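Colleague: I have a model open and would like to learn how to read it. Please take me through it one feature at a time.

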Amino acid sequence: MTSRLTSRLSRHAALLTRVALTLSLAASCAVAQRTDEPNWVNTREVLNYPLTMEKIDKWAGATRGVITYAKSHPEILAKIRGTNEVTVKTLDDLVALAKVKAGEYVAIVESNGIKFREYLLVSGSLIAAMVVVQMSGHGGDASGLPMVNPANVAFVKANKAKLDALFAEYQTLAKGGGQ
């Protein structure tokens, strides 16, 4: 039952990631994971990582930079697709892979004042908290999902308008509008 629920969270996280972050490296790498394999998103470190507005602001700037870069360098997506052949089991594996496969992304993220590892922690914890909020808000039962930091769920609920605006901005930016 737990593995099925973990798989469900992984699928929801992947879907939310694709829609919300569009071209973000973290999204691409998370989506590349097979749900029957260990997944860095479902670790206690990621699920318990505390979100703050300061972290979200840095993460948001980095995500804007990544999307903008990917739009002007579409060949980078071919590099990222190569992660499908590699099983990433830990967050550190993903950081190492990103540095080798997409060093440009790592540099863009870190130029926004956030270490790449922290960028992934924020991405994973934010996605997990948003999945719980979304499921709970639509009458779903999120109680069987891996335990997400309750403070992060409260943070997402309290900052829903700002987060929704960020994701709308990312979608517009990815489609050709914005910066």
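Colleague: Which residues is Leu-126 in contact with, leaving aside its neighbours within four places in sequence?

Modeller: Contact means heavy atoms within 4.5 Å. By that rule Leu-126 meets Leu-51, Ile-56, Trp-59, Val-156, Leu-163 and Phe-167, its neighbours within four places in sequence being left aside. This is a predicted model, in which local features need pLDDT of at least 70 and side-chain atom pairs count only at pLDDT 80 or more, while totals for chains, interfaces and linings use all residues. Residues are numbered from 1 along each chain as its sequence is written, and side-chain values use heavy atoms, with hydrogens and water left out.

Colleague: Which residues have the most contacts inside the largest nonpolar core?

Modeller: In soluble globular proteins, nonpolar side chains tend to be buried together. A nonpolar core is a set of buried Ala, Val, Leu, Ile, Met, Phe, Trp, Tyr and Cys residues joined through side-chain atoms within 4.5 Å. Buried means under 20% relative accessible area, exposed over 50%, and partly exposed in between (1.4 Å probe, protein chains only). Here the largest core has 45 residues, and Ile-56, Trp-59, Phe-116, Tyr-119 and Leu-126 have the most contacts inside it. Among the elements giving two or more residues to this core are α4, α8 (116–137) and α10 (160–175); α8 gives the most, with 11 residues. Helices (H or I, at least four residues) and strands (E, at least two) are DSSP runs, numbered from the N terminus.

Colleague: How far is Lys-55 from the nearest side chain of opposite charge?

Modeller: Lys and Arg count as positive and Asp and Glu as negative; His and the chain ends are not counted. A salt bridge is a side-chain nitrogen of Lys or Arg within 4 Å of a carboxyl oxygen of Asp or Glu. Lys-55, in helix α4, is buried yet has no salt bridge, with Glu-118 at 4.7 Å.

Colleague: Where is confidence lowest in the protein chain, and where highest?

Modeller: pLDDT is the predictor's confidence in each residue, from 0 to 100. The chain mean is 76, and 64% of its residues reach 70 or more. Helix α2 (residues 25–32) is lowest, at a mean of 41, and α9 highest, at 94. Over residues 8–37 pLDDT stays under 50.
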